[in-house]
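This report looks at two places in a protein model.

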Amino acid sequence: MNRRELLFLLSALAGLSPKALAQVLENPSKLYDLPPYGEATLLYFSDLHGQAFPHHFMEPPNLIAPKPLMGRPGYLTGEAILRYYGVPRGSLLAHLLSYLDFVELARAFGPLGGFSALTALIRTQKAQVEAEGGKALVLDGGDTWTNSGLSLLTQGEAIVEWQNLVGVDHMVSHWEWTLGRARVEELLNRFGGELLSYNVVDELFGDPLFPAYRLHRVGPYALAVVGASYPYVKVSHPEEFTEGLSFALDVRRLQEAVDRARAEGADAVVLLSHNGLQLDAALAERVQGIDLILSGHTHDLTPLPWRVGKTWIVAGSTAGKALMRVDLKLKKGGVANLRVRVLPVLANHLPKAEDVEAFLEEKTAPHRDHLFAPLAVTETLLYKRDTLYSTWDQLVGEAVRATYPEVEVVFSPAVRWGTTLLPGQAITYDHLYAYLGFTYPELYLFYLRGEQIRNVLEDIASNVFTPDPFYQQGGDVSRAVGLRYVLDPDAPAGRRIREVEVGGRPLDPNRRYLVAAYGGRLQRVGEAKPGYEPRPIHEVVAAYLKSVGRVRVLPEPNVRVLGRNYRVPEVTG
């Protein structure tokens, strides 16, 4: 299928203005009833991060790329991503892809996602495929079990039970492991599907813990699904969660898994991956025999599949905003053609899954007062995702410094998950968990010398802005409230950070600064503040919100970027 044909298939979705959408929603079949195509259908979602209820999620205003990677999928935002895919501004697909006009479109289209609507959509799509004699697989790209209130309060159990209600066939993993190895293995025993992973192995002996792939018969053909878990779990999270395990990226081992699947009769090979879009593109150039990669981790959405060498790549969005339907026309030895559709999970307009509604009611009943009672109201847009800065992280920094006035710098982890709150919306504990849902939530206070602070910023920049995807081991740039600096993403490693200031004064390399941080391991390199007992960050922020009642955070990025056009979104409305 060529680009023109794919654009034609997308035109119905891309051209939907709010008015046109209202007309379509009187007959949703225009969006969701698709004619049969091919022999196998993959119903794919990724990076839900436990978000069980409808919500909003704004795409990043900025995705700053290393110069060699500029202009390619995964580094497109705003007008650039709309131009790349030929999507009209103000349309439903534009709302899924871009931060532009976010508040206006969020109010027009309503919240997205939620387990109930997503379940109903998956079931309907699967029934359509099977009624036509096709084969449908439900594939979960990982980061599903954690980072929400429902997940934390049930230690992931409610999320696994939901997967079983949906009928997930295969999943891969990353943040799931922050529940701890014992808990993950316990939950996998309850999971009705199968975790696939070529690269989760015993650290001492190298023995795999899970099947690398599974073959599925599809008429006269065989389709193999290979699993790839996030390779840097032990770098990104405390080691005690995964003691005895290795997740290392291993091109040779992955090639062997693909080769074995082919030798067992696979005509087509699909890699279900939590590597991230850029690393998956690099792997597509090095590993032979993969027809399609379903890419997760970096929260990208690709309305058109990205062709790298002989491999198609489709990224599955995040936060339950959309279900990706990938229809495959198979042939002996591969994929003859494919059709990709973005199916928006319009929570206010899709049918609900009644059993999931009842399930969520049961699971939240003991926690309802805690989860959904208002803590404060935001007068401005609170968002998380961006390469360098967000109004949410600014609010957290203000909350920490109001609680501990002696703190000079607050570091926040640059995770890609976190819901979006519209102006005038009440902030609840459920929203806090959506931003701060760590299984290691402690806020630490400690001292760092100025030179250490500079080295931390340089190390982070080296990770994020390396042009080699094999060395990109994290998310966006960690936020730092209380300091300002200049970033040159094109400078050599060790020279990207300039003109650092703390409290309006140049950083003194020899002075000790009191720093606060959570959700990471930075405290290990500092000197703990005597007499301070770490507290969960969500408790600190909740107490602050209750004390102020209303918050108003206008975006004031603390980083000046050289050689790039840094954008600030509209946050009022």
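In which sense do strand S15 and S26 pair, and over how many bridges? Strand S15 (residues 374-378) pairs with S26 in the parallel sense, over 2 bridges.

## Basis

This is a predicted model, in which local features need pLDDT of at least 70 and side-chain atom pairs count only at pLDDT 80 or more, while totals for chains, interfaces and linings use all residues. Residues are numbered from 1 along each chain as its sequence is written, and side-chain values use heavy atoms, with hydrogens and water left out.

## The sheet

Helices (H or I, at least four residues) and strands (E, at least two) are DSSP runs, numbered from the N terminus. Two strands pair if DSSP finds at least two bridges between them. The open sheet has 3 strands in the order S17-S15-S26, and its pairing is mixed. Strand S17 (426-428) and strand S26 (550-551) are the edge strands, each pairing on one side only. Val377 has Arg550 in S26 as its bridge partner.

Helix H19 (residues 537-548) packs on the sheet and touches S15, S17 and S26 (contact means heavy atoms within 4.5 Å). The direction of H19 makes about 65 degrees with that of S15; axes are lines fitted to C-alpha atoms, for helices over the stretch in contact, and angles run from 0 to 180 degrees between N-to-C directions.

## The helix pair

Helix H7 (residues 115-131) and helix H14 (residues 354-364) pack with their axes 8 Å apart, at an angle of about 155 degrees. H7 and H14 are therefore roughly antiparallel to each other (the term covers angles over 145 degrees).

Phe115, Ser116, Thr119 and Arg123 in H7 meet Asp355, Val356, Glu357 and Leu360 in H14.

Conventions: Angles under 35 degrees count as roughly parallel, over 145 as roughly antiparallel, 65 to 115 as roughly perpendicular and the rest as oblique.
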